[in-house]
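Here are my notes for a first look through this one. Keep the viewer open and hop along with the numbered points.

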Amino acid sequence: MGTKTPPSLVRTAKARPTPLQQWTVRRDGLLARLSAEAGDMQAIVLEAPPGYGKSTVMRQWLELRSEQGWRTAWLSLDALDDEPGRFASLVIGAFPGLCRQSVVLGSGELQEIEEVVDRLLSHDFSERPAALFIDDFHVVTNANIHRAIGRLAAQAPEGFQLVISSRIALPMALAKARLAGTVLVLREGDLALSDAETQRLLGNICKREIAPDQAEQLRQRAGGWAAMLQMAGLALEASESPARFIDEFSGTDIEVSRYLCEVTLDLQQPDVRRLLLATSPLDMFSPELCTALTGLENARALLAEIEDRHLLLIPLDRQRRWFKYHALFREFLESRLEVDHPGEKKRLLSAASTWFHDAGEIELAVEHALRAGDHERAAAFASDRLTDIALNRGEHATVQRWISNLPGEIIDRYPSLKIGLAWAFTFRQRHAEAGRLLSSVENDVQAALNLDKITEEQAAETLSTCDMIRAIAATASDRYTVAGKLFRAFDRKWTRTGFMEQASILIANAYTALALGRPRETRRLLEQSEEVVVRSQAPYAYGWYAVVKARLALYEGKLGDVIEHSRLTLENHDVDIRPVGFVRELMSVCLAEAHYEANRLEEARQSMDEAGEAALGHVTVELGESASRVLARLALPSGQVEEALSILRRSIALAQQAGLPRLVDLLGGEMATCLIRVGRLDEAFQVDQEMGLSQPTTEDFAASLDMRQLTQARLSLARGDVGRASRLVATLLNRVRSTGQVRLEISALCLAAGAQAQSGDMAESRRLATQAKLTAAQAGFRRSVIDEDYLLGGLIERQAAPVPDFVLPDVGAGNGLNGLSHREGHVLTLISQGLTNRDIAEALVLSEETVKWHMRNITKKLNARNRTHAVQIARQSGLLH
């Protein structure tokens with residue numbers, strides 16, 4: 001279904017701990033302090049200016065943790081990572097190292113890093129502790145990331161430790177955690193080298209013995225600043241009079257550091273100096289990039305020489321494929337480049353941009369072009385990948401930042417930039433802005449067409465994409481009537497479009513049909529789209545095809561199909577499902593709902609963990625409602641009522657933020673239902689009053705008419721208005737039976753049984769309760785009956801004996817032992833309880849003749865002499881329990 005994109009070497013390098021230099025001093029004293037004071041703390045924060053050895057201490061603490069049996073993961077950050085989706089993807093990549101789970105989560109605005117943090121907070125690290133190391137966190141300015149990581153630091157679960165380094169004080173709410181003694185903060189004074197450590201460091205660099213008093217003198221004058229002492233060691237090594245150098249060395253001010261940098265640079269041979277200056281504007285570089293910028297064919301050997309001489313060069317991976325400079329040294333080199341070679345920085349950045357583009361590192365290519373002020377190049381490179389970044393990877397903030405740095409006249413020359421931004425706005429629920437961009441693109445295309453700047457074919461390709469985005473945006477924003485019109489218009493207008501457009505439209509149309517309660521149309525559209533999806537090789541289309549297929553199976557009550565389909569989709573590592581984690585997590589929501597309905601609560605919890613709690617706020621009403629309902633109901637069996645209500649309140653807030661009033665209404669109904677189930681009726685009525693749940697259904701809520709009527713019937717029954725409840729349920733039952741919504745049919749039957757019980761017709765009440773139980777058993781929706789205990793508990797107790805579940809061995813779809821069907825199994829179950837043919841006919845809403853016909857089939861298939869013998873055979877075979 002398409003080939004996997006090879007992982008970025010840059011991202012791979014950033015996920016590995018920085019290798020320690022040969023001359024590095026082990027910080028035994030500081031490590032001992034950490035072991036004593038911070039062994040069980042939730043977070044360790046290292047705050048100090050550049051050069052105080054923060055990364056070195058973290059690396060050594062990581063090694064110590066690993067020796068102690070901890071799982072560890074490392075992230076090195078740069079300015080590109082100041083994007084919630086991108087930051088989240090980096091942390092997601094750390095999951096296998098932290099909890100041995102390959103977890104892919106979402107990438108949209110509503111989940112981002114919050115979702116990843118929720119997943120970490122919910123994981124049990126008690127059996128195998130883990131530590132996450134994040135280096136250079138000061139590059140992050142995004143408030144969402146600050147908030148999420150601050151919450152992780154303050155609320156880390158037992159057995160998990162977060163270790164962060166930053167050059168500035170972290171703008172995160174850690175005050176309470178510090179007061180509680182769960183966060184340790186190390187600053188310059190804590191990180192400064194001791195006399196003994198200074199002596200060892202200078203000796204390692206100089207390859208000569210340094211007297212203790214000389215080492216102490218240097219340490220005092222440098223304030224224990226590791227980088228300053230390192231540069232002093234380099235100068236000391238080249239000095240003809242070490243004693244004199246030590247006597248003249250003074251202070252830690254910037255002039256001394258610049259002097260040491262300059263001495264260091266002036267000591268280098270011309271080729272090394274040339275390479276140092278040429279690479280100074282770059283955040284990271286490789287030997288191949290050095291050669292491209294300088295023309296030096298021996299760049300790899302020169303980098304090795306620079307590293308051997310203990311210059312402030314930091315390898316980012318063990319293979320020495322990527323490097324960066326120590327920040328202090330880089331700042332000096334970059335300023336020196338501007339002085340020695342005015343204007344060269346822009347050329348180098350532009351050349352690096354081209355090299356990154358050719359190497360497939362498009363984000364770095366665009367970033368360097370923007371820094372060079374080469375807007376035309378940045379626009380050209382971004383236009384090649386913007387839709388992929390917005391649509392498939394969900395890094396919408398990156399898209400917006402790039403475009404915000406480009407002049408309007410350049411953006412106007414690249415419709416693909418506007419289209420990529422329109423995708424970003426669509427997935428961030430900013431549909432009005434997306435619509436304005438699409439209108440602008442259409443005007444641009446028409447103008448270009450009138451001037452013969454583009455062909456009719458090129459125009460059609462762009463305009464059809466605009467129409468496709470509009471239609472999908474209508475589905476995402478819950479405007480299903482508008483979406484349907486747009487889908488039909490697309491089919492009429494664009495008879496010759498690419499497979500990706502065709503597949504996307506068909507699948508979005510299928511989702512809309514299902515949301516409107518048209519399963520047959522949904523099935524037809526899915527069948528029509530299957531071949532197109534395969535031919536499109538579009539991971540986004542494939543992912544949503546899988547989601548809609550799972551939702552249809554849930555709608556029809558085919559739990560086995562949902563579980564099998566979801567499992568195959570989630571385990572299919574040969575298919576690139578996009579947006580990367582977004583679709584996978586929605587499949588996990590479908591799987592969680594299937595497990596929940598089958599009363600496999602632990603499996604449902606695991607699937608919701610895979611999805612992450614941020615799935616509550618996802619794009620569509622149906623998926624948001626499903627995730628919220630399952631997560632809230634999972635809290636109820638253990639008595640966590642307030643937790644369930646908290647989940648629903650948070651989901652309502654997310655739905656309001658996304659501008660989805662129907663989702664708000666549905667979640668309000670679930671909250672009222674939860675309160676009714678636990679007997680808090682006054683609170684349920686208050687929710688009804690505040691949210692207008694009992695008000696007549698308007699056109700805006702027509703797509704959720706069935707679920708609204710179910711809520712209204714519950715509220716009416718809770719108030720004692722049996723007549724209204726019965727009328728609502730009767731209407732609802734007729735409709736859901738015609739459309740095949742099994743879960744709602746079971747709930748409606750239970751409510752009808754409760755209404756009849758309140759009205760005093762116990763025989764009819766028991767018949768409806770039995771019918772609900774049998775319908776649930778046939779479809780495997782056991783939880784739908786269990787959740788109605790408050791309605792059915794008394795009814796079941798008054799029956800002669802509980803109706804046991806009928807179990808069919810898994811010997812092929814639709815076949816039980818000896819080919820016994822589910823309906824025949826239900827008849828046999830009731831026979832085993834001593835019910836007459838008339839009783840069975842009433843319970844199953846069949847004629848007596850039909851029951852007799854089923855009985856003849858049962859005895860024939862089981863090779864039984866009569867009905868009593870059939871029950872005996874069924875029990876001996878394990879069919880009945």
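**Notes on the structure**

1. Buried here means under 20% relative accessible area, against over 50% for exposed and partly exposed in between, using a 1.4 Å probe and protein chains only.

2. A word on the model before going on: it is predicted, so local features need pLDDT of at least 70 and side-chain atom pairs count only at pLDDT 80 or more, while totals for chains, interfaces and linings use all residues. Residues are numbered from 1 along each chain as its sequence is written, and side-chain values use heavy atoms, with hydrogens and water left out.

3. Now the overall picture. The protein chain has 46 helices and seven strands; these are DSSP runs numbered from the N terminus, H or I of at least four residues for helices and E of at least two for strands. Of its 881 residues, 57% are buried. Take the contacts with a separation of 6 or more: 70% of them are between residues 24 or more positions apart. Contact means heavy atoms within 4.5 Å.

4. Back to the rings. Rings of Phe, Tyr and Trp (its six-membered ring) pair if their centres lie within 6.5 Å; planes under 30 degrees apart count as stacked, over 60 as edge-to-face and the rest as tilted. By this rule there are nine aromatic pairs. In one of them, Phe 285 and Tyr 325 have ring centres 5.0 Å apart and planes at 45 degrees, so the pair is tilted. This pair links distant parts of the chain, 40 residues apart: Phe 285 is in the loop between α14 (270-278) and α15 (287-294), and Tyr 325 is in strand β7 (residues 323-325). Both Phe 285 and Tyr 325 are buried. Trp 322 and Phe 356 make a stacked pair, 6.2 Å centre to centre with 10 degrees between the planes. Here too distant parts of the chain are linked, with Trp 322 in the loop between β6 (313-315) and β7 and Phe 356 in helix α18 (residues 344-358), 34 residues apart. Ring pairs also link Phe 285, Phe 323 and Tyr 325 into a cluster.

5. Which helices pack at roughly 155 degrees? Have a look at α38 (residues 722-739) and α39 (residues 742-759), whose axes come within 9 Å and cross at that angle. Axes are lines fitted to C-alpha atoms, for helices over the stretch in contact, and angles run from 0 to 180 degrees between N-to-C directions.

6. Ala 779 is worth a click. It belongs to helix α40 (residues 762-779) and, at 19% relative accessibility, counts as buried. Beyond its neighbours within four places in sequence, Ala 779 touches Gly 557, Leu 559 and Val 742. Its C-alpha atom is 9.0 Å from that of Ala 598, 181 residues apart along the chain.

7. Finally, find Glu 670 in helix α35 (residues 661-677). With a relative accessible area of 8%, Glu 670 is buried. Setting aside neighbours within four places in sequence, Glu 670 is in contact with Arg 629, Arg 633, Leu 648 and Arg 677.
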